[in-house]
Amino acid sequence: MSIASNIQEIRARMDRAALAAGRRPEEVLLVGASKMNTAAACREAIEAGIGALGENRVQEMREKLAQGAYEGAPLHFIGHLQRNKVRQVVGVVSLIHSVSSPELLEEIQRQAEKRDIVQDVLLEVNVGGEASKSGFAPGELRQAAERALSLDHVRLLGLMTIPPIEREPHGNLPFFQEVFRLYVDISENLYDNGFKYLSMGMSDDFEDAIAAGATLVRVGSAIFGARQYH
Ligand SMILES: *Cc1c(COP(=O)(O)O)cnc(C)c1O
């Protein structure tokens, strides 16, 4: 299967999942998770009309940027971000999905202020409470969202989550539903309903994420094929 036909098939499944949930298909954007795939593969996905591409590692993103991998589509950062790499990401990507600590929020503010820009971000929620994952605990989110409100070079537009590895079909649905409730609560109570992006769902579970309210799904292997780890 080609990247273009994979995208077409995923887009069709996304549209069906949105309609089944009583939502409009155009509310949900497909973000290609392009880590470990070449610049040529990225360009192929853009050619096929993908909504955005998301990268996980700063070094790989810089290399592929230099190769023109992302021309014609918005670039997002979706991976774990270290504080000392923030300056290489701010202003380069249109959305950072993975703000996982108060320190990161402050560093993004600092770097965006230097460039005199406003960086769009999401807060990552560690909904499964897993020690191996970064992100805010559900109970810490409100305080982080309040802090973000006071930062004039950061614009908080929503939430992102990576739930635990699915142990059974639809196993992540309750996690997605919980993050949707948090999203609505913070958007209504702190952001005057201004949130736009709820980033959740990957190759194996994007339909359940859409059923629960996702507006961005991050799909990698179902588009690009299995990643080759060396
Ligand atoms: C790799 C990755 C994805 C996509 O995972 P697939 O299972 O290949 O679809 C989504 N989100 C993040 C943060 C990732 O690192």
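By salt bridge I mean a side-chain nitrogen of Lys or Arg within 4 Å of a carboxyl oxygen of Asp or Glu. Some ground rules. This is a predicted model, where local features need pLDDT of at least 70, side-chain atom pairs count only at pLDDT 80 or more, and totals for chains, interfaces and linings use all residues. Residues are numbered from 1 along each chain as its sequence is written, and side-chain values use heavy atoms, with hydrogens and water left out.

How many salt bridges does the structure hold? The count is 13. I'll show a few.

Start with R13 and E207. Their side chains form a salt bridge, 2.8 Å from N to O. This pair ties together distant parts of the chain: R13 sits in helix α1, E207 in helix α7 (residues 206-212), and 194 residues separate them. Helices here are DSSP runs of H or I, at least four residues long, and strands are runs of E, at least two, numbered from the N terminus.

Now accessibility. Buried is under 20% relative accessible area, exposed is over 50%, and partly exposed is in between, using a 1.4 Å probe and protein chains only. R13 is partly exposed because its relative accessibility is 24%. E207 is partly exposed too, at 30%.

Next, R11 and D15. Their closest N and O atoms are 2.9 Å apart, in a salt bridge. Both residues belong to helix α1 (residues 3-20), four residues apart, or about one turn of the helix. Why does that spacing matter for direction? An α-helix has 3.6 residues a turn, so residues three or four places apart point the same way. R11 has a relative accessible area of 25%, so it counts as partly exposed. D15, at 24%, is also partly exposed.

Then E55 and K64: buried or exposed? E55 is buried, at 0% relative accessibility. K64 is buried as well, at 5%. The two form a salt bridge, with the closest N and O atoms 2.6 Å apart.

Last, helix α4, residues 102-115. It has 14 residues and reaches 20 Å from its first C-alpha to its last, close to the expected 20 Å. That expectation is 1.5 Å times one less than the number of residues. Buried residues in α4 include L104, L105 and I108. Strands β4 (95-99), β5 (119-125) and β6 (154-161), along with helix α5 (141-149), are among what covers the buried residues of α4. Just after α4, D116 takes a positive phi of about 55 degrees.

Terms used: Contact means heavy atoms within 4.5 Å.
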